[in-house]
Amino acid sequence: ITLPIIYRRMMLRGFGSLRLLLFASLACCFIQGALPQQKSARNDGGNDANGLVEVSFTELEWDIDADWLLSNTYLVFFLQAGFGMLEAGMVRAKNTKNVLLKNLINTAICAISFWAVGYSFAFGQSSSGAKNPFIGTGNFFLIDFRYYAHWSLHWVKASAAVTVLSHPMAERTMFPAYVIIAIVVSTIVYPTVAHWLHSDEGWLNVMGMIDYTGGTAVHIVGGAAGLVGTIILRPRLGRFDQAGKPRAMPPHNVTVTSLGIFILWYAWYGCTTGSTLGLTQRRWLVAARIAIVTTLGATSSLLTVLVTRRLQTYKYDLVPCINGLLAGLVSITAGCAVIAPWTAVIIGFVAGMIYVGGSALLIHMRIDDPLDASVVHLGCGAWGVFATGLFAVKDYIHTAYPFRENIVSGLFYDRTGWLLGYQVLGIVVVCAWTMGICAVLFFLLRRFHSLRVDHDTELAGIDNSDHGGSAYFFMPNSTGL
């Protein structure tokens with residue numbers, strides 16, 4: 001009764017749009033007071049005495065967090081497009097189809113294997129309630145499981161790890177071999193490491209190691225597997241001459257590679273900020289700081305590589321800058337939620353130097369990594385995990401891990417070095433686990449002549465031999481050019 005009277009008097013006296021806004025606010029207050037009080041606990045759709053559906057605040061929080069998680073999952077999935085364009089442009093034109101098909105098939109293989117057993121090994125809960133610090137033991141084929149948003153996020157992360165390992169092995173790996181490798185990594189290698197680090201009962205997580213987004217489970221796993229693969233595969237034909245000096249094999253399409261790195265940079269925000277798993281309970285503050293850390297780490301590394309390469313070659317080289325940017329993104333992945341923005345600049349600077357030095361070291365050791373991915377992901381990923389043990393801030397750890405009891409800050413703040421020890425132990429154990437399994441797998445494939453393509457296929461190009469022809473078809477124009 002009161003609201004229409006107030007509205008009529010306001011209109012008769014000629015109040016403008018501002019008064020109408022005030023009226024609308026007043027109406028909301030009346031309506032809120034007239035509605036039944038909301039319950040404080042989650043309600044799964046029950047009705048009150050008047051037949052009105054009650055929506056609790058906790059239920060609204062669940063909806064907001066699920067929407068945030070799913071939105072960032074889709075953004076992380078976009079990493080596949082970025083990795084595909086990055087690798088396709090960096091290899092020679094005769095292997096473009098092979099690279100793109102591997103990125104496409106990788107997502108399908110990881111989806112099926114992660115649905116069947118991968119997620120169960122990573123986060124599965126036993127029906128008996130027994131805890132296993134080494135591996136998950138329940139929810140196979142997602143039976144008795146409903147938290148689908150969480151499954152989706154880790155599926156795309158597992159896919160990213162498998163994609164990373166394919167980069168050092170590019171241009172000479174048999175396609176069936178890659179399928180086998182993708183199955184093993186997405187069902188055994190990645191899920192086990194994810195359980196150790198991201199499951200509530202994982203032994204590295206319980207011990208106190210910090211890897212907030214996947215610097216270990218995604219990048220160290222992918223980089224370590226790829227390094228083992230490229231060593232066992234041996235260099236591409238013609239990469240080094242008889243004296244061991246390197247021969248240039250430049251990328252065939254830097255434009256595509258440049259677009260790929262921008263896509264990766266964009267999608268990386270979903271990977272880092274999405275790991276908050278929600279926005280409620282002031283987690284949006286953590287996500288906002290993570291976005292700043294991600295930006296500063298990436299740009300610091302990019303500028304470091306730009307200046308360093310200028311001093312070395314007297315040129316502003318695009319390709320090293322692309323890898324430098326990616327090195328910075330990888331280096332802040334593990335500790336993005338627990339470090340201050342100013343330390344991200346330092347971490348990015350060191351990551352840029354690691355990339356430049358690591359790339360030169362690979363050539364010196366005659367290890368052929370077409371994209372320098374093992375340095376970017378393994379080297380800079382390990383540095384990021386190590387740096388977290390130096391720069392992690394205790395207050396930030398509290399907000400990022402609200403239910404963790406064993407909280408120790410970084411060496412520069414705590415002086416005891418416990419967190420740094422946890423980080424180093426995690427790096428060593430994950431590298432040993434990944435390299436051990438992958439070395440056995442790669443040696444078995446090579447033993448049965450199923451790892452590397454034959455001499456003629458490699459010279460002609462895998463596209464021409466295995467994928468129906470070149471990815472490019474150039475039609476002469478009317479001038480005959």
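Arg452 is partly exposed, with 22% relative accessible area. In this predicted model, the side chain of Arg452 meets that of Glu458 in a salt bridge, with N and O 2.9 Å apart. Glu458, at 4% relative accessibility, is buried.

**Salt bridges**

The whole structure contains 6 salt bridges.

| Arg283 | Asp65 | 2.6 Å |

The salt bridge between Arg283 and Asp65 links distant parts of the chain: Arg283 belongs to helix 11 and Asp65 to helix 3 (residues 57-77), 218 residues apart. Asp65 has a relative accessible area of 12% and is therefore buried.

Salt bridges with shared partners join Arg236 and Glu171 to Arg92, Arg239 and Asp368 in one network.

**Pocket and cavity**

Arg239, a member of that network, is also among the residues nearest the centre of the second largest pocket, together with Val319, Ser359, Ile363 and Asp372. The space in this pocket is about 680 Å³, and its lining consists of 28 residues. By class, 17 of the lining residues are nonpolar, 3 polar and 8 charged. Helix 11 (283-313), helix 12 (318-331) and helix 13 (341-364) each supply at least two residues of the lining; helix 13 gives the most, with 6 residues.

The search of the whole structure for cavities of 30 Å³ or more finds 1. The largest cavity holds about 40 Å³ of space and is lined by Leu79, Ala160, Thr213, Gly214, Val218, His219, Trp268 and Cys271. This lining divides into 5 nonpolar and 3 polar residues, with no charged ones. Helix 9 (215-233) and helix 10 (254-273) each contribute at least two residues to the lining of the largest cavity.

**Nonpolar surface**

Ile112, Trp115, Phe141 and Ile143 make a nonpolar surface patch of about 410 Å². Ile112 counts as exposed because its relative accessibility is 53%, the cut-off for exposed being over 50%.

Conventions: Residues are numbered from 1 along each chain as its sequence is written. This is a predicted model: local features need pLDDT of at least 70, side-chain atom pairs count only at pLDDT 80 or more; totals for chains, interfaces and linings use all residues. Side-chain values use heavy atoms; hydrogens and water are left out. Patches are made of residues with over 30% relative accessible area and no salt bridge: like charges are joined within 9 Å, nonpolar side chains (Val, Leu, Ile, Met, Phe, Trp, Tyr) within 5 Å. Accessible areas come from the Shrake-Rupley method with a 1.4 Å probe; for residues, only the protein chains shown count as cover. A salt bridge is a side-chain nitrogen of Lys or Arg within 4 Å of a carboxyl oxygen of Asp or Glu. Buried means under 20% relative accessible area, exposed over 50%, partly exposed in between (1.4 Å probe, protein chains only). On a 1 Å grid over the protein atoms alone, a cavity is a set of points where a 1.4 Å probe fits but cannot get out, and a pocket is an open set with protein on both sides within 12 Å along at least five of seven lines; lining residues have an atom within 4 Å of a point. Grid points are joined across faces, edges and corners, and a volume is the space filled by probe spheres set on the points. Helices (H or I, at least four residues) and strands (E, at least two) are DSSP runs, numbered from the N terminus. Ala, Val, Leu, Ile, Met, Phe, Trp, Tyr, Cys and Pro count as nonpolar, Asp, Glu, Lys and Arg as charged, and the others, Gly among them, as polar.
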